[in-house]
Amino acid sequence: MGPRREQDVVIVGGGLVGSLLAVVLAERGRPVTVFERRADPRRGGAEGGRSINLVLTRRGVRALERVGLATRAMALTVPVTGRMMHAVDGERAYQPYGRDASECNLSISRAGLNAFLLDAAVERGVDVRFGARLVGADAGRGRLSFEDDASARFEIEARVVFGADGAGSALRGALRDAGTVEESVDMLPHGYKELEIPPDDRGAFRIEAHALHIWPRGSFMLMALPNVDGSFTATLYLPYQGARGFDRLADPDGVRALFRSAFPDAIALMPDLERAFFANPTGSLGTVRCRPWRVGGRALLIGDAAHAIVPFFGQGMNTGFEDCSVLADLLDARGNDFDAVFAEFERRRKPDADAIADMALENFVEMRDRVADDRFLLRKAVEHRLEVEMPRSYRSRYSMVMYSHIPFAVAREAGRVQEGILDDLCAGIESPDALDVERARRLVDTRLTPLLRARNVRLDY
Ligand code: FAD
């Protein structure tokens, strides 16, 4: 073990949030070093050739805009303007996401975005050390122990440490073991498997490009998001155990039988289905809640390390990117008083992180089950009508989460009030055309508007 090296700002983890945070801090003149356990993903092979994507929405875009990277990032995205539901009999139904096509989600390659942000960090003078895994920390003193690829240990001492090392954060683990942080980790009984829908022979998308395709089947589902190269990344969500469980899929015949019965129209789209199923790992999904997120002004957990959530609202990365925007605002307002900045950061972000964690869990039930239910589709159609009839006083919870900067905790609160309004408006009607618009206006004005006013929230986004 060599002598301890002194650093100014250290970020543990050079994933999506760590690399954006590095840009934010470097732009504020701090010498930043990132320690990342993986090899440099820009050298290829990061995901074994698989192309894995995720959706970027308004909160994430704003964080990129703040550091001047949004325009270049847009070239890496495919706009997704709604959901395409696939029934077992092959029938398809499309639901637009937003009020118009400008309200859309942006599908982007995880590896491509990570490489883009690492390049941006390096361009701003950030020192990124790959193959360096955090194995121990005395965070109160800023002392960190790493292991390199050859399992050689080295130690550093940092003025400020950020833990951006993801859901299984080693920094959070060290703080928990030291009794500084309390955490709860709730794993879902479902796992996921990434599969591929390649482009057709002409390099074109095989199904509607600008949609999130969903095959909702009650306790399980398949979904697919487009990539810029004409392919889709499909993700299969199944319980680990039971009749439709991963544990029953021991051979290629079992996989084909599942697809034949539950997703028959997807089989023709996936020529490599069985091979990919057994070659790709099964991922796990969970919610991490912890507190405090900080050790004085010395260490801060950020992104998934502080608040990992299940992926069903597509907000994990977006929430981590919004963390970076909030931190940038606080650093600009309070300079280098990290004690005050970290305290205020946690005070502001913790309620929002808890709210999006709850909403993401609720959305799992909606996506795999309710999107195929006629009464649910009627509610969505009525809600869409409310958004069109009264755009300044009604926006769906989905829209507030995806297309606004309204705090997640307020979106969750407003969503509960909206559920009650929709219960009343949908009772006894069979079509959105039968909506009593005057009554709807009264309900919105008396139940929702006072809440939004009290929370100082406007819907003119
Ligand atoms: P990570 O991306 O996990 O990065 C952590 C980094 O730290 C990694 O590079 C890792 O190698 C490194 N690291 C870990 N341990 C150590 C260590 N001991 N020492 C050094 N380095 C270490 N979010 C969205 O916003 N939209 C979506 O559509 C979406 N879809 C998703 C779909 C799935 C199936 C899943 C699982 C997640 C999805 N998410 C989505 C969530 C999103 O992936 C995460 O919220 C996001 O990656 C968090 O970024 P992060 O940088 O905090 O953590």
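## The largest cavity

In this predicted model, the lining of the largest cavity is made up of six nonpolar residues, one polar residue and three charged ones. Helix α11 has the largest share, with four residues.

How much space does the largest cavity hold? Its volume is about 40 Å³. If you are looking for others, the count of cavities of 30 Å³ or more comes to one. The general idea behind such a search is a friendly one to picture: a probe the size of a water molecule is rolled over the atoms to show where empty space is left.

## The second largest pocket

Turning to the open spaces, the second largest pocket has a volume of about 350 Å³. It is lined by 18 residues, and those closest to its centre are Glu362, Glu366, Arg370, Arg397 and Glu419. By type, the lining holds ten charged residues, five nonpolar and three polar.

Which helices supply at least two residues each to this lining? They are α11 (338-368), α12 (374-389), α13 (397-403) and α14 (408-426). Of the contributing elements, α14 gives the most, with six residues.

## Thr319 in helix α10

Thr319 sits in helix α10, which covers residues 316-334. Is Thr319 buried or exposed? Its relative accessibility is 2%, and the cut-off for buried is under 20%, so Thr319 counts as buried.

Leaving aside residues up to four places away in sequence, Thr319 touches His307, Arg349, Ile356 and Phe408.

## Aromatic pairs

There are 18 aromatic pairs in the structure. One of them joins Phe162 and Phe342 in an edge-to-face arrangement, with 5.5 Å from centre to centre and 70° between the planes. Phe162 belongs to strand β11 (residues 153-163) and Phe342 to helix α11, so this pair ties together parts of the chain that are 180 residues apart in sequence. Both Phe162 and Phe342 are buried.

Another edge-to-face pair is formed by Phe277 and Phe278, with 5.0 Å between centres and 70° between planes. Here the two partners have their own accessibility values: Phe277 is buried at a relative accessible area of 3%, whereas Phe278 counts as partly exposed at 38%. Ring pairs also link Tyr97, Phe313, Tyr398 and Tyr403 into a cluster.

## Charges over rings

Two rings already mentioned have a charged side chain over the face. Arg83 lies over the face of Tyr398, 5.8 Å from the ring centre. Lys193 lies over the face of Phe277, at 4.6 Å from the ring centre.

## Phe220 in a loop

Where is Phe220 found? Phe220 lies in the loop that runs between β13 (211-216) and β14 (221-226).

Not counting residues up to four places away in sequence, Phe220 touches Trp215, Tyr237, Leu238, Pro239, Arg244, Leu258, Ala262, Phe263 and Arg368. Phe220 and Val365 are 145 residues apart in sequence, while their C-alpha atoms are 9.5 Å apart in space.

## Backbone details

A few backbone features deserve a look if you are checking geometry. Arg291 and Pro292 are joined by a cis peptide bond, with omega about -10°. Pro292 is in the loop between β16 and β17 (294-295).

Ser151 is not a glycine, yet it has a positive phi of about 65°. This residue is found in the loop between β10 (143-147) and β11. Asn456, also not a glycine, has a positive phi of about 60°. Asn456 lies in the segment after α15 (437-454), and at 71% relative accessibility Asn456 counts as exposed.

Conventions. Residues numbered from 1 in each chain as written. Predicted model: local features only at pLDDT ≥ 70, side-chain atom pairs only at ≥ 80, totals over all residues. Heavy atoms only, no water. 1 Å grid on protein atoms, 1.4 Å probe; cavity = no way out; pocket = protein on both sides within 12 Å on 5 of 7 lines; lining within 4 Å. Points joined across faces, edges and corners; volume = space filled by probe spheres on them. Nonpolar A, V, L, I, M, F, W, Y, C, P; charged D, E, K, R; others polar. Buried < 20%, exposed > 50% of the residue type's maximum accessible area, 1.4 Å probe, protein only. Contact = heavy atoms within 4.5 Å. Phe/Tyr/Trp six-rings, centres within 6.5 Å; stacked < 30°, edge-to-face > 60°. Lys NZ or Arg CZ within 6 Å of the ring centre and 35° of its normal.
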